[in-house]
Amino acid sequence: MHAILCATPEEMDALRGVLHADPQPEIHGPTRVWRARFAGEAVVLAQAGIGKVNAAAAATLLLSAFGARTLIFSGVAGGLNPALGVGSVLLADRLAVHDYGIISAGAFTPTAYGVIPVGAPPLSGPEPVEEAVRAVLARLALAMSGRLDARLGGVVTADYFLNCATTRDELHARLGADAIDMESGAVAVVARAWGVPLYVIRTLSDLAGGDSHLTYDEMVEAAARNSAACVEALLDLLSKT
């Protein structure tokens, strides 16, 4: 079974619009789950809520209670790469949590998630996804050509909304990441632990600068629809493999 996660009501509305889910969700603690079908196969949609804890909890629920064997995260993100504009879709071929690490001598140094930070090397960039996942995402980018600006790229995750051009530029320069969100890296940790593939689709709703809170409000619904369209195309690709 494919399980599709998102964080916010706008993201879920877009998914339900293309996948014709049941009208009412099941409530599992903080997670709301809708059942749907695609190409005759059962799928589930989960609105996790915002942030790493909510996302990891929802992913674990879908794997343990619903028997999901594929995870897909659909939603919006802030842009870090100046070459990308609002509405661009990132298909994450690299992922990392970047607000985990060590504070020493008044400075924070991020490290890979889950290791003991003391003595660990600094995080140098998001970690590549499995080659099989990357190959499917490359096919998805090709399938969306002419419809959306969808491309492979790196996404980093932190428990904050980025509203600062200085931090945006520093993250892009230091980590080589293209976008920032608040959930994907946490879901990647869960997916890796369970040995299941994860496909992350993020449309830029803002450019993570000083006016990102304004752009987000204006563009979140349109950005969510872009990601949902890619999810539909991804499910079609997966149904044929």
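Axes are lines fitted to C-alpha atoms, for helices over the stretch in contact, and angles run from 0 to 180 degrees between N-to-C directions. The model is predicted, so that local features need pLDDT of at least 70 and side-chain atom pairs count only at pLDDT 80 or more, whereas totals for chains, interfaces and linings use all residues. Residues are numbered from 1 along each chain as its sequence is written, and side-chain values use heavy atoms, with hydrogens and water left out.

**View 1. Packing of helix α2 against helix α5.** Helices (H or I, at least four residues) and strands (E, at least two) are DSSP runs, numbered from the N terminus. Helix α2 (residues 52-64) and helix α5 (residues 184-194) pack with their axes 8 Å apart, at an angle of about 30 degrees. That angle makes α2 roughly parallel to α5 (angles under 35 degrees count as roughly parallel, over 145 as roughly antiparallel, 65 to 115 as roughly perpendicular and the rest as oblique). The crossing of the two helices is right-handed, meaning that the near helix is turned clockwise from the far one by less than a right angle. From α2, K52, A55, A56, A59, T60, L63 and S64 make the contact (heavy atoms within 4.5 Å), and α5 contributes A186, V187, V190 and W194. By class, the contact has eight nonpolar, two polar and one charged residues (Ala, Val, Leu, Ile, Met, Phe, Trp, Tyr, Cys and Pro count as nonpolar, Asp, Glu, Lys and Arg as charged, and the others, Gly among them, as polar).

**View 2. The largest nonpolar core.** A nonpolar core is a set of buried Ala, Val, Leu, Ile, Met, Phe, Trp, Tyr and Cys residues joined through side-chain atoms within 4.5 Å; buried means under 20% relative accessible area, exposed over 50%, and partly exposed in between (1.4 Å probe, protein chains only). Of its 71 residues, L62, L71, I72, L140 and I201 touch the most other members. Helix α6 (residues 212-239) supplies the largest share, 13 residues. Another core, of 10 residues, lies apart and includes L123, L162, L171 and A208.

View 3. N226 counts as buried because its relative accessibility is 18%. Not counting residues up to four places away in sequence, N226 touches G87, V89, L148 and T203.

View 4. With 4% relative accessibility, D181 counts as buried. Leaving aside neighbours within four places in sequence, D181 is in contact with V76, A77, V155, V156, T157, A158 and R202.
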